[in-house]
Amino acid sequence: MRKAYLTALGAALAVTAVIGLMPHSGIGPGKGKGEVAVFHPSEMKRLTSSNLVDAIVGLQLTGRVGKVQWTQAVLTVEMRADDEKQTERWYRDMEKLIRLSFDQMENVNRLLIRYVDSKSDGQLLFAADVRRNDNWLGENFNELSDADPLHDELWRKRLRIAYTSLLEERLGPIDTYSTAPLPAS
């Protein structure tokens with residue numbers, strides 16, 4: 001009986017060794033291809049609660065994300081404004097969020113972006129409200145990368161940007177800024 005166990009153990013070791021050496025032997029479907037991917041990433045077309053984090057992380061935003069909410073085709077993103085006078089960085093992040101929402105995803109109908117001051121207990125600095133049915137998304141979408149909503153009134157209207165007086169305190173006077181309350185969403 002002991003001889004049978006030793007024989008079985010020897011056979012198991014031999015099979016394990018052969019299976020372990022197979023990837024290095026050049027035999028099989030991966031021959032000449034190098035490494036074979038186990039997971040194949042697929043392009044996201046629809047935003048869901050299960051892929052929300054992956055979509056936001058994949059943007060590699062330069063600013064800190066405070067909160068993200070996905071409810072009935074409305075994506076709400078709260079960004080934390082840490083540094084003063086980092087408007088270029090804010091606009092790049094806004095552009096990435098807009099492109100994700102309306103260029104990559106087919107089920108986002110509205111994007112709400114809020115920038116809050118991380119130094120003053122999350123007081124609102126400004127907010128943007130972009131909707132899928134906005135005409136400029138089709139006609140002027142490529143101009144978005146050159147947009148400067150702080151100084152360009154046309155882009156303030158397109159992005160429905162509302163500023164608070166706190167933003168003006170941080171950045172100085174802003175022409176035609178608005179302190180009107182934001183519409184309830």
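Predicted model: local features only at pLDDT ≥ 70, side-chain atom pairs only at ≥ 80, totals over all residues.
**Ground rules**

I number residues from 1 along each chain as its sequence is written, and I keep to heavy atoms for side-chain values, with hydrogens and water left out.

**Entry 1: the chain as a whole**

Read from the N terminus, the order is α-α-β-β-α-β-β-α-α-β-α. Of the 185 residues, 37% count as buried, a term I use for under 20% relative accessible area, with exposed meaning over 50% and partly exposed in between (1.4 Å probe, protein chains only). I noted an accessible surface of about 12,000 Å² for the chain, 53% of which belongs to carbon and sulfur atoms; accessible areas come from the Shrake-Rupley method with a 1.4 Å probe, and for residues only the protein chains shown count as cover. Taking the contacts with a separation of 6 or more, I found that 55% join residues 24 or more positions apart, contact meaning heavy atoms within 4.5 Å.

**Entry 2: the sheet**

I then followed the strands and found an open sheet of five, in the order E1-E2-E3-E4-E5, with mixed pairing. E1 (64–71) and E5 stand at the edges with a single partner strand each, so one side of each has no neighbour in the sheet. I count two strands as paired if DSSP finds at least two bridges between them.

E1 and E2 are antiparallel over seven bridges, and Lys-67 has Glu-78 in E2 as its bridge partner. Two residues lie between these strands in their hairpin, and in the turn I found Gln-72 with a positive phi of about 45 degrees. E2 and E3, by contrast, run parallel and are joined by eight bridges; here Leu-75 stands opposite Leu-111 in E3, and Thr-76 has Leu-112 as its bridge partner.

E3 (residues 110–117) pairs with E4 (residues 123–131) in the antiparallel sense over eight bridges. Leu-111 has Val-130 in E4 as its bridge partner, and the partner of Leu-112 in E4 is Asp-129. The hairpin of E3 and E4 has five residues between the strands, and Asp-121 takes a positive phi near 55 degrees in it. E4 also pairs with E5 (residues 162–163), antiparallel over two bridges, with Ala-162 in E5 as the partner of Ala-127.

On burial, I found that seven of the eight residues of E2 (residues 74–81) are buried, so E2 is largely enclosed by the rest of the structure. E3 is mostly covered as well, with seven of its eight residues buried.

**Entry 3: Arg-158**

Is Arg-158 buried or exposed? I found Arg-158 buried, at a relative accessible area of 15%, with its place in helix H5 (residues 153–158). Leaving aside neighbours within four places in sequence, I listed Asp-134, Trp-136, Asn-140 and Glu-143 as its contacts. Trp-136 is 22 residues away along the chain, yet its C-alpha atom is separated from that of Arg-158 by 7.1 Å.

**Entry 4: the cavity**

My search of the whole structure gave one cavity of 30 Å³ or more. By cavity I mean a set of points, on a 1 Å grid over the protein atoms alone, where a 1.4 Å probe fits but cannot get out, and its lining residues have an atom within 4 Å of a point. Which residues line the largest cavity? I found Tyr-91, Met-94, Glu-95, Leu-144, Ala-147, Pro-149 and Leu-159 there. The lining divides into six nonpolar residues, no polar and one charged, with Ala, Val, Leu, Ile, Met, Phe, Trp, Tyr, Cys and Pro counted as nonpolar, Asp, Glu, Lys and Arg as charged, and the others, Gly among them, as polar. The largest cavity holds about 40 Å³ of space, where volume is the space filled by probe spheres set on the grid points, joined across faces, edges and corners.

Notes
1 Å grid on protein atoms, 1.4 Å probe; cavity = no way out; pocket = protein on both sides within 12 Å on 5 of 7 lines; lining within 4 Å. Helix = DSSP H or I, 4+ residues; strand = E, 2+ residues; numbered from the N terminus.
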